[in-house]
Amino acid sequence: MKFTYRSGQEPLPGYTIKRGIGLGGFGEVYFAVTAGGKEVALKWIRSNLDIELRGVQQCLNLKHPNLVHLYDVRADAQGHHWLVMEYVAGEPLSAILARHPNGVAPELAAQWLQGLAQAIHCLHEHGIVHRDLKPANIFLENGIIKVGDYGLCKLMADSQHAGMTKDIGTVHYMAPEISTGNYNRQIDIYAVGVLLYEMLTGNVPFEGESAGEILMKHLTAAPDLSRVPKEFVAILEKALTKNPANRYASIMELAKDVAIVMKQPGSIVMSLPVSNKLPPEIPSVIPVTPAMLFQDRLADLTGNLLWAIVASAAFSLLWTLVFGAGDYSKLVPIFFLTLASSWCVLIPTKLWPPIGRSDSWPRRLIHLTLGIGIGLFALWLEGYDLPMPWNAAARMDALQPWQAPFDPPTGMRVFGVLDRPSNTSMPILTCYIAYFGLMFLVLRWWKAAQLYRGTRFSIKAMFAVMFWAFLLLFLLPSLHHREIGFVSLTLAAVVCQITAPWKERTPVRKKKVRLATA
Amino acid sequence: MKQMFLTICGLVLLWAIAGASGAQTNVPALPEAMKPREVKAFGVDATKAREIAVNQATILVGKLLEENHYTSFRPDAKYVRENLLADDGKPGPDVRNDLVGDEPLKQWIVTFKDSNWWQDVVRRDYEAQRVQRAAVRQSAAKRFVVALLVLLAIANAYVRINRLTRSRYARWLQVICVGVASVLLAIALLAFAMYFLAGR
């Protein structure tokens, strides 16, 4: 089969087709752009028009972050009906599972299932049964599960009698009661059970050489759960039970059980708003689904922290070799401050929930606190005594006013240029915590460590740190070794960007667009 | 704009608080009675006498520091000559000593500055103490980071292997990880004990 329309054609006024992305018994799906430049998916509904349109109209105003949005239904000059949909740039789950023939990690499967459950829950709350859940209709975009092809009937009227859909692949996810013609939303729960089984093992529970054989297995055979991780066995037994009355009453119950076995009960969001409006705090780009699993986080975090140690050591050494003018005494404090600063960026960025605005006052205040902590650490590392209750006997030289060092500074002469007469009013303690605290308060450090940032390494971020460091060093009386403060934060900006994982943020990945199989 | 606003607010606040605090250098003054005024020294010639006078002044300042429990900084003759003495000094009356010989010994008198050089000396002692403390702390921080590096590597290896094996051997992996960490901890403690004993 070939696509009817080619790139550049405009069958529907205002929409220019770029390429075809899906062909099926129901029609053709194209990637198109509007006159204003918005990217959309256009679905030309060629058959079962009445059934399709009825289903689509029911879903037109449905909005949910885990559902592919339907924008409009339009008719062209020839009377053809077109469904205008959200363009999803991610991969379908089928492609992902094809790359993982033995299934994905249980944590990942559980994570994806949460998104899937939210979408199905939203549909069920609106009285809609999806009826054709399968990996090809589920997409993963920027870590978010998106369910498509809902509201479309898929010749289900026929299938109720024939016991099969037009698309043989769908049979694998078909609940036994569909053959009786008497079914409800329980069929979606069964299909989700099959999907979970497939995500965990890489295979569907029932396979056969013909649709009839597969359907017969759905009706009579028990799924082989020996390959499934043991904590999922009870869940799958209940989800895949033949009698719909014995299955989970709702999809959220299934999701809750999955979260419980993954020891992540907090990950369940029992009722995302199912209104027609998106919740305001849902950002356009979410790095990962709301509940990142603990082990994944731990693996990422420990890996990042390890790399940060290596990178900090390497860059500190490089800097000292190139600019140190043979003075190696600054190598160790530069290394430790670079490491501490980069950790203070990497850890909160990793732990900060990806929901909501990235820049907020609580976040800034946390960074300010961390910056003050680094300032105190720098003081300690430089050998200053801190005014602690248990340290009363020591000379609290951190409260002494800053004074110019006895020996002329070595290293980069640019810092020598800024040397001014000693300030006799501001204590050293204040200088340190002010410099590091303000540097962490003023700059948006987390941007350098976010998963979805513009580029892997941004020289602008480094220059921003250098600019503000230079400015503050100029405004503040100074640190003992101003070069150390300047260099360590500059290197931290580099280390954070290099060690933090990065994924391309752009929503358009034109090579992997497979929106719907119609 | 937000950044500029935050910076200005932060700095104004700092200057308002810290600037008004009027922190003063906390160096106890040397009692007038202990304050050295001049040092007399003798030598076979004026040059030698002057050299000995500066050395004696250096020793005197060192003793003063020690008496006041400042043990980290020891001034050298160059520092004393350039910073503590008022000038090159002046020759004093020659002294005849039969034990030395027939030639009279030349006398040289160096005078300490009237300014509060004691404060500078003590500040340098503070600085020397700080440098010593910094070396100790940086050494401790190095050990801490090495230990942390090992623990992170163990945790990372555990999570990755556990994920690779789909938690089938989670218990065994936990036992191995705790075992490895315990062995490393024991080695570290043993090394510390040996270092401590060797030091004694």
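Start by selecting Cys177(B), which lies in helix H5 (residues 170–199) of chain B. Helices (H or I, at least four residues) and strands (E, at least two) are DSSP runs, numbered from the N terminus. This is a predicted model: local features need pLDDT of at least 70, side-chain atom pairs count only at pLDDT 80 or more, and totals for chains, interfaces and linings use all residues. Residues are numbered from 1 along each chain as its sequence is written, while chains are lettered from A and ligands numbered from 1 in the order in which they are written.

Is Cys177(B) buried, exposed or partly exposed? Cys177(B) is partly exposed, with 18 other C-beta atoms within 10 Å. The terms work like this: a residue is buried if 20 or more other C-beta atoms lie within 10 Å of its own, exposed if 12 or fewer, and partly exposed in between, with C-beta atoms placed from the backbone.

Now show what surrounds Cys177(B). Leaving aside neighbours within four places in sequence, Cys177(B) is in contact with Ile154(B) and Tyr158(B). Contact means that the C-beta atoms of two residues, placed from the backbone, lie within 7 Å.

**The rest of chain B**

Zoom out to chain B. It has five helices and three strands. From the N terminus on, they run α-β-α-α-β-β-α-α. Of the 200 residues in chain B, 14% are buried. Take the chain B contacts between residues at least 6 apart in sequence: 60% of them join residues at least 24 apart.

Select the three strands of the open sheet in chain B, in the order E1-E3-E2, with antiparallel pairing. Strands pair if DSSP finds at least two bridges between them. Strand E1 (38–43) and strand E2 (90–95) of chain B stand at the edges, each with a single partner strand, so one side of each has no neighbour in the sheet. On average, neighbouring strands of this sheet are turned by 25 degrees against each other, direction ignored.

Look at E1(B) beside strand E3 (residues 105–111) of chain B: six bridges join these antiparallel strands. Pick Val39(B); its bridge partner in E3(B) is Val110(B).

**A sheet in chain A**

Move to chain A. Select the open sheet of three strands, ordered E6-E7-E8 and paired antiparallel. Strand E6 (91–92) and strand E8 (144–147) of chain A are at the edges with a single partner strand each, so one side of each lacks a neighbour in the sheet. E6(A) pairs with strand E7 (residues 138–141) of chain A over two bridges. Pro92(A) stands opposite Phe139(A) in E7(A). Helix H3 (residues 106–125) of chain A lies across E7 and E8 of chain A, at about 40 degrees to E8(A).

**Into the core**

Now color Leu42(A), Leu116(A), Val192(A), Leu196(A), Ala239(A) and Leu254(A). Of the 80 residues in the largest nonpolar core, these touch the most other members. A nonpolar core is a set of buried Ala, Val, Leu, Ile, Met, Phe, Trp, Tyr and Cys residues joined through C-beta atoms within 7 Å. Helix H5 (residues 186–201) of chain A gives the largest share of this core, 11 residues. Domain 1 (15–86) and domain 2 (91–291) of chain A both contribute, so the core lies between them; the domain bounds come from an automatic or database assignment.

Center on Leu116(A). Not counting residues up to four places away in sequence, Leu116(A) touches Ile138(A), Ile145(A), Val147(A), Val192(A) and Leu195(A). A second, separate core of 61 residues includes Leu368(A), Leu476(A), Ile484(A) and Val487(A).

**Last stop**

Select Ser316(A), found in helix H9 (residues 294–323) of chain A. Ser316(A) counts as buried, with 25 C-beta neighbours inside 10 Å. Finish at Tyr328(A), in the loop between H9 and helix H10 (331–351) of chain A. Tyr328(A) is exposed, with 10 other C-beta atoms within 10 Å.

Note on methods
Axes fitted to C-alpha atoms, helices over the stretch in contact; angles between N-to-C directions.
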